[in-house]
Amino acid sequence: MDTLEILGKHLAVDKDGNLVNRSDWNEEIARAIAAQEGIGELTDRHWAVIRAMQKAFDRDGDAPSIRRLTNESGVDVKTLYQLFPKGPAKKAAKIAGLPKPKGCI
Amino acid sequence: MRKLVILGGGTAGTMMLNKLSRVLNEDRWQITVIDDSETHLYQPGFLFIPFGIYGQKDVVKPRREYFPAHANVVISGIDRIDADHKRVILEDKSAVDYDYLIVATGAKIRPDQTEGLLDDEWGKSKFDFYTLEGAQRLHRFFESWHGGRLVLNMTEMPIKCPVAPLEFLFLADSYFTERGIRDKVELRLATPLSGAFTKPKATEILGGLLQHKNINVTPDFGIARVDNERKTIVSYDDVEVPYDVLVSIPTNMGDECIARSGLGDELNYVPTDKETLVSEAHDDIFVIGDAGNLPSSKAGSVAHFQSEILFKNFLDRIDGRPAHARFDGHANCFIESGFGKALLIDFNYGVEPLPGKFPLPGIGPFSLLHETRMNHYGKLAFRWIYWNVLIRGVELPIDSKMSMAGKVAA
């Protein structure tokens, strides 16, 4: 099992580098992952997307695709790319402590 | 009479029709298949048409030739499924009642979903090869093309046959080399994925092949629109990729009748239990092939493996037993790599494609994740197997469950 060092802790991550245990996740960890991903400071809009993503995952058992994420979060695709450049669904899932969306098959 | 209705007479629907009509007693069962056309298309063959390897006769057959004689065949568009009243409404508003329904309505390309894609230049400088007409138009275009920038763009996942875009580029490399103009053709893949494929080990190996064949990659490219005046595709984060010819894999969506029925997700795919293949909303509706939302590849081999699971679970259901068979996401795909060679991948929900030998461990004759001539012959033989064995619902000597035998773990 791979691990990722965040804030002095070694946390288990999967082959995509996403957290394995949701219990390892908290807002402080999210900010640290965002920094590692080059996102910078997380604004209210970032948090709205992250929360929508977690809510959808808890309901569906899968992190939503970009298309579904726009429906869930009310944030349009263009803005999602501004908030989470280079693959909003992938990036937001990683920061939200979720596995990569299975939409990529 | 108990009534089974199968929506769609393509790969998945035809397989289920043939398998079930052999075991359901004709005196007690009426089996109806509904499709909007008389023509069965061999979709895996479309890939070869732009390069003149296959023509129309290789991929088109009369649908009814592959249906059992006693099947009730209805050629009509479908307005919607009325699941509450267990009936299918046809486009002329007549109704077909069912006790059980198998949805095999597939997936289609939707170029209308991307801004600027479907305009006057569609079929002139912008093409698809996921339809017979599109593949033929591209073949005519290539015959008189002297070179330039060819960009292949996948708009969004999931798509049917996720390896087809790579195969297209490998075959293009081979085709333009043989025509003596490879040095005048720039090949580029603009993909929403972070690399060549969706799974890590295969991405590493296929990415290496792309590089080796001098095919450029623009990863993480989420297309926002086509700028037709500047012949440029533009991403949501303003990355621009100019082209002379754009080969698009447009957004794939389930049939519109699924949306009209209120049975689909945001891409018109039917939410389906990924192991039992039963609709999540209605336990008398089964879903097979590209029509469902399973996290498995949308491909003929996958529909074939699903057909064995669905066959067992359907018989359980009509005899009042709980569905016992479980689909594991098994997919098995040849990947044409050009110059008469191909690779093979074999994987499921949990196990990514790995190197090794298939189907016999250590022997093959096929090699997993490795380019060989034998794999290419396997790919070409598959067309014969498709028409003569697969869609006729005859057993193939490959287990529907993936096996780790012969694979080298990562």
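Me: How many bridges join strand E16 (residues 232–235) of chain B to E17(B)?

Reply: This is a predicted model: local features need pLDDT of at least 70, side-chain atom pairs count only at pLDDT 80 or more, and totals for chains, interfaces and linings use all residues. Residues are numbered from 1 along each chain as its sequence is written, while chains are lettered from A and ligands numbered from 1 in the order in which they are written. Strands are DSSP E runs of at least two residues, helices H or I runs of at least four, both numbered from the N terminus. The two strands run antiparallel, and the number of bridges is three.

Me: Which residue of E17(B) is the bridge partner of Thr232(B)?

Reply: Two strands pair if DSSP finds at least two bridges between them. Within E17(B), Thr232(B) has as its bridge partner Pro242(B).

Me: Which are the edge strands of the open sheet in chain B?

Reply: The order is E15-E16-E17, with antiparallel pairing. An edge strand here pairs on one side only. That gives strand E15 (223–227) and strand E17 (240–242) of chain B.

Me: What radius of gyration does chain A have?

Reply: The radius is taken over C-alpha atoms, and the globule rule is 2.2 Å times the number of residues to the power 0.38. For 105 residues, a compact globule would come near 13 Å. Chain A agrees, with 13 Å.

Me: What percentage of the residues of chain A count as buried?

Reply: Buried means 20 or more other C-beta atoms within 10 Å of the residue's own, exposed 12 or fewer, partly exposed in between, with C-beta atoms placed from the backbone. Of the 105 residues of chain A, the buried share is 39%.
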